[in-house]
Structures are given as structure tokens and as C-alpha cells.
Amino acid sequence: MTQSDTPSTLSRVLQSRAVWPLLALVLIFAVDAIVSPNFFQIRIVGSIAAISGAVIAWRIQAGDPHGLILIWALLAALLCGAWNGALVAVLGIQPIIATLILMVSGRGIGMLINLLYGGTDPSFESALLQGLSTG
């Protein structure tokens, strides 16, 4: 076998089934970066954090003591985790699908809690949250 009979490394790479999808992905990312300069910045709030935050705002508006407010928030987060666990363990749903279910619905649930108990923009002052945020 001579050197002309063996395919070059470049031609072997270009014949690989993985190359073209990867090149297409790079092209899509490049176009997205041009069209939306903030495309690679993460700006979304996690769904469990959104639900817990809405519960905190709701319970502050209700006048609960600070310790009880934190317990409410932790219980909301625990309930979300138990829901995901039940979807996977009991119903046999794939974990990524269960995560996507809560990711999509969780922010809506948080918004619904805000709308029901605090309006569209619940505002409040809390020494607890100010202390926690400043360490």
C-alpha cells in the first residue's frame, strides 16, 4: 500500500459522522452570538428558587416571624424535590424530563404565588433578607 492509497487525516476527519453536526452546532452558536450578543449570559432564575422566593415574599406579606418564613421556604423547596423524585421513582419518568417539567412549570408557579398573594410586583422590607444578603 502506497502513501497515495491511504486517505489523509483531513479526509478521514471530514468523513466522520460527528464532524458535520459539530460544525453545524458551531455555526448555530456563532449566528446566535451575532444576533443576540447576550446569548451566552445566564440570566434566568431557577424554578425552585423562584417558588421559594415567592413563598418568602408571600409569608413576609402575611407577617410571619422570620424563622417560620425560612421554614416555609425550605418546605417549598423540599416539596419541589419530592415532586421530582416521585416523578422519577414512582412514575418512571426519565430524570431529565422530570427536571424539565419542574423547570418550565416552576417559574409559572412562582409567578402565580406572587399574583395571588402579592400582586405583580410584591415589594417589602425585611431585616432578615437584608441580613442574609449582606452576610
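Reply: **The core and the helices around it**

The largest nonpolar core has seven residues: Ile51, Ala54, Val55, Ala76, Cys80, Leu102 and Ile113. A nonpolar core here is a set of buried Ala, Val, Leu, Ile, Met, Phe, Trp, Tyr and Cys residues joined through side-chain atoms within 4.5 Å. At least two of its residues come from each of helix H3 (47-62), helix H4 (66-89) and helix H5 (95-117), and H3 gives the most, with three. Helices (H or I, at least four residues) and strands (E, at least two) are DSSP runs numbered from the N terminus.

Before going further, some bookkeeping. This is a predicted model, where local features need pLDDT of at least 70 and side-chain atom pairs count only at pLDDT 80 or more, while totals for chains, interfaces and linings use all residues. Residues are numbered from 1 along each chain as its sequence is written, and side-chain values use heavy atoms, with hydrogens and water left out.

Start with H3. Its end C-alpha atoms are 22 Å apart, which agrees with the 22 Å that its 16 residues should span at 1.5 Å a residue (the expected span is 1.5 Å times one less than the number of residues). Among its buried residues are Ile51, Ala54, Val55 and Arg59; buried means under 20% relative accessible area, exposed over 50%, and partly exposed in between, with a 1.4 Å probe and protein chains only. The buried residues of H3 pack against H4, H5 and helix H6 (127-134). Zoom in on Ala54: leaving aside neighbours within four places in sequence, Ala54 is in contact (heavy atoms within 4.5 Å) with Gly110, Ile113 and Asn114. Just after H3, Gly63 takes a positive phi of about 85 degrees.

Now cross over to H5. With 23 residues, H5 reaches 32 Å from first C-alpha to last, close to the 33 Å expected at 1.5 Å a residue. There's a bend of about 30 degrees at Ser105, the bend being the angle between axes fitted to the seven residues ending there and the seven starting there. Buried in H5 are Ala98, Leu102, Gly106, Gly110 and Ile113, and their cover includes H3 and H4.

Ile93, in the loop between H4 and H5, touches Leu87, Val88 and Ala98, not counting residues up to four places away in sequence. Ile93 is partly exposed, at 24% relative accessibility.

That leaves the rings. The structure holds five aromatic pairs: rings of Phe, Tyr and Trp (its six-membered ring) pair if their centres lie within 6.5 Å, and planes under 30 degrees apart count as stacked, over 60 as edge-to-face and the rest as tilted. Phe29 and Phe40 are edge-to-face, with centres 5.8 Å apart and planes at 70 degrees. Phe29 lies in helix H2 (residues 19-35) and Phe40 in the loop between H2 and H3, so this pair ties together parts 11 residues apart in sequence. Trp58 and Tyr117 are stacked, with centres 4.4 Å apart and planes at 20 degrees. Since Trp58 lies in H3 and Tyr117 in H5, this pair ties together parts 59 residues apart in sequence. Trp58 is partly exposed at 23%, and Tyr117 is partly exposed at 43%. The charged end of Arg59 sits over the Trp58 ring, 4.7 Å from its centre; that takes NZ of Lys or CZ of Arg within 6 Å of the ring centre and within 35 degrees of the ring normal.
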